Amino acid sequence: GNVPRRQPALMYNFIPQYKLGKHIIGFSMTGQTKAYAQDNNELIMPGFMVLSGFFNFGITKGLSASINANNLTNALGITESEEGSITENTDNIVRARPVPGRSISATLRYSF
């Protein structure tokens, strides 16, 4: 009768983009609803959404540049956690795997 560990009710990934001549702009929304950390359904990993954006622009034929920003809101998302429960009046340590924090990158690309 319990929900399997790390299985949210909903996971989503939405990536619209728009092309303006030789330029492309877009963003992505990736996330999930809450999920249980273990099979006994005692510890809950909260739901989260990660918002990212990108802009690719053509400079000349074969030469392009792009700017990418990941996790713009610096959201904390937990995707995995070990077996564990929070017990009152004890030291509680539960390891978890978060999504990466905000990052921005720029790329220059030449195709021939």
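Trainee: Which residues does Asn71 touch, not counting residues up to four places away in sequence?

Mentor: This is a predicted model, in which local features need pLDDT of at least 70, side-chain atom pairs count only at pLDDT 80 or more, and totals for chains, interfaces and linings use all residues. Residues are numbered from 1 along each chain as its sequence is written, and side-chain values use heavy atoms, with hydrogens and water left out. Contact means heavy atoms within 4.5 Å. Asn71 touches Val50, Leu51 and Ser52, and also Val99, Pro100, Gly101 and Arg102.

Trainee: Is Asn71 buried or exposed, and why?

Mentor: A residue is buried under 20% relative accessible area, exposed over 50%, and partly exposed in between (1.4 Å probe, protein chains only). Asn71 counts as buried because its relative accessibility is 1%. In the chain, buried residues make up 24% of the 112 residues.

Trainee: Where is the place of Asn71 among the strands?

Mentor: Strands (E, at least two residues) and helices (H or I, at least four) are DSSP runs, numbered from the N terminus. Asn71 lies in the loop between β7 (63–70) and β8 (78–81). The chain has 10 strands and 0 helices.

Trainee: What radius of gyration does the chain have?

Mentor: The radius is taken over C-alpha atoms, and the globule rule is 2.2 Å times the number of residues to the power 0.38. The chain has 20 Å, whereas a compact globule of 112 residues would have a value near 13 Å. The C-alpha trace spans about 65 × 30 × 25 Å along its principal axes.
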